[in-house]
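This briefing collects computed features of one protein chain, grouped by topic. The sequence and the structure come first.

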Amino acid sequence: MMSSNNNNSHEPVRNEYLDQVREQQQRVEVDLKARKMVAPVQMPMGQRARALAIAAPREIPGNAVDVRITGFWRWKTVVVPPNAYVVHTRRGHSQPLHIGLGVSFRFDPATDSFLVVPGAMQTILINAHCICRELQGLLVQGYVQWIIEDFATAYKKLDFTDAEEPMRVVNVQLREQAEAAIKDKVATMSIDAVLSDKQPIIEELTARLRHVAEGLGGGDKGLGLRIVTVQVKEAVVSSGRLWESLQKPFRAERERVARLATLETEEAIAHREQEVQQARERMRLESDGELAMLRARKEAEAYDREQAERMRRQQREEDDTRKRALDHQQTALQNAELEKARLAVEAELAKLKQEVEAAQRKRQALAAIDVLDTERAAANRQARAELELQDDRQRILNGLTPANLQARLVELLPAIAEKLPQPQELRSVTIGGAAGAQEGQALSTLVAQMLALAGALKPESGRQEP
């Protein structure tokens, strides 16, 4: 286990950046080599002439300038488009026969040679892998646009011999110079400066490229090129972890600002809501006050109307009551007069009635007196008859013996007892006994007791039968 750890600790760390630099260097070396046209196979003169005659006119293949070559054998014409530079040289002449933009000319393949270069503006894309002052990897992307200003100088110093793309080698050379300038400038800058301000890189790159392409001024024309514009589009941090770390302070600051803005917004909203609430409450209170005043006014008006209506009704009721009272009074007076007349009539009738009743009562009284007189006379006669009967009985009784009297009383006792009322009090009467030895005394005593008994019973019978 320890040996494996030691082996791992002594293993060299792979430098990916160095590998990228080597790979890019190899690719640049390949790009700097111009791709030449393959020479045609040697053929006899007659066959080559016939082939040229058959092939004419022709165009240069690939991405080169669209140049047309017409004619045959040594009597040919080169037609150059108007946006391309051309230089035409001939054997035995130290200076070109034709040079310029869009110049067409006669061409003898045996003694002449020409070079055609596009005159349009060229754009070079730059992807520079740089190391900043903090030794952190950065990828700086930009572009450079250039154009040929002095072709008489440019064709002497630059390689436009690539068959497919004459500007390729020049573009590669300028790109390498631009990447070198960017790397030199970025190496002196901090990562924050590179990411925030790219103007120093643009100024440094523009100065260096113009120094190389345009020269120092005066007689030195440089490469005969002119730098149109230099721009740095973007600077990217190679390490994702470092990029996140660089973004964290800004994000935290943005979050803080956003949070503060949110808090301020919430505070402003709360303050505004409070103001709106207060305004609403104030409006509600004012509205309630106005409504209360309006309600009070309406209630006062309603109360006034009710009071006026009540007073009107009361006045109307009083008027009606007064009218009814007058009517009642008049009616009462009329009724009183009618009652008076009625009472007078009734009094008259009553008087007549009393007179009739008095006469009737008088007649009744007279009739009753006559009846009473008749009854009294009958009663008197009855009483006289009874007295006479009693006298006769008394004489008979006086003539009875005591034994007969006792027997008679004994016979009459049940009848007397039946006719006697319910006694309310008890009275004892003693009969016989020690009255005397003589029969006359006993009989008198018995009679006296019987009379007493009859006297005692007579009131009761009198009360029951008046």
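Predicted model: local features only at pLDDT ≥ 70, side-chain atom pairs only at ≥ 80, totals over all residues.

An open sheet of 3 strands has the order S5-S4-S7, and its pairing is antiparallel. Strand S5 (98-101) and strand S7 (112-118) are the edge strands, each pairing on one side only. From one strand to the next, the twist averages 5°.

- Strand S4 (residues 84-90) is joined to S5 by 4 bridges, and the two run antiparallel.
- His88 stands opposite His98, which is in S5.

**Hairpin of S8 and S9**
- S8 and strand S9 (residues 137-148) run antiparallel and are joined by 10 bridges.
- The bridge partner of Ile124 in S9 is Val144.
- The hairpin has 5 residues between its strands, and Leu135 takes a positive phi near 60° there.
- Side chains alternate along strand S8 (residues 122-131).
- On one face of S8 are Gln122, Ile124, Ile126, Ala128 and Cys130, which are buried.

**Leu125**
- Leu125 lies in strand S8.
- Leu125 has a relative accessible area of 56% and counts as exposed because the cut-off is over 50%.
- Leaving aside residues up to four places away in sequence, Leu125 touches Gly142, Tyr143 and Arg175.
- Between Leu125 and Val172 there are 9.9 Å in space, C-alpha to C-alpha, and the two are 47 residues apart in sequence.

**Helix H5**
- Helix H5 (residues 168-187) has 20 residues, which at 1.5 Å a residue should span 28 Å.
- The buried residues of H5 are Arg168, Val169, Val170, Asn171, Val172, Leu174, Arg175, Ala178, Glu179, Ala181, Ile182 and Val186.
- Among these buried residues are Val172 and Arg175; Arg175 is touched by Leu125, and Val172 is the residue whose C-alpha lies 9.9 Å from that of Leu125.
- In an α-helix, residues three or four places apart point the same way, because there are 3.6 residues a turn.

**Thr153 in helix H4**
- Thr153 has its place in helix H4 (residues 151-157).
- With a relative accessible area of 14%, Thr153 is buried, since the cut-off is under 20%.
- Thr153 touches Lys221, Gly222, Leu223 and Gly224, not counting residues up to four places away in sequence.

**Cysteines**
- A search of the whole structure finds 0 disulfides.
- Cys130 is in no disulfide, and the nearest cysteine sulfur, that of Cys132, is 9.3 Å away; a disulfide needs the sulfur atoms within 2.5 Å.
- For Cys132, which is likewise in no disulfide, the nearest cysteine sulfur is that of Cys130.
- Cys130 is buried, with a relative accessible area of 1%.
- Cys132 is buried, with a relative accessible area of 2%.

**Whole chain**
- There are 10 helices and 10 strands in the protein chain.
- Of the 466 residues in the protein chain, 19% are buried.
- Among contacts in the protein chain with a separation of 6 or more, 62% are between residues 24 or more positions apart.
- The accessible surface of the protein chain is about 34000 Å², with 55% belonging to carbon and sulfur atoms.

Terms used:
Residues numbered from 1 in each chain as written. Heavy atoms only, no water. Expected span 1.5 Å × (residues − 1). Buried < 20%, exposed > 50% of the residue type's maximum accessible area, 1.4 Å probe, protein only. Contact = heavy atoms within 4.5 Å. Areas by Shrake-Rupley, 256 points an atom, 1.4 Å probe, with all protein chains shown as cover. Pairing = 2+ DSSP bridges. Axes fitted to C-alpha atoms, helices over the stretch in contact; angles between N-to-C directions.
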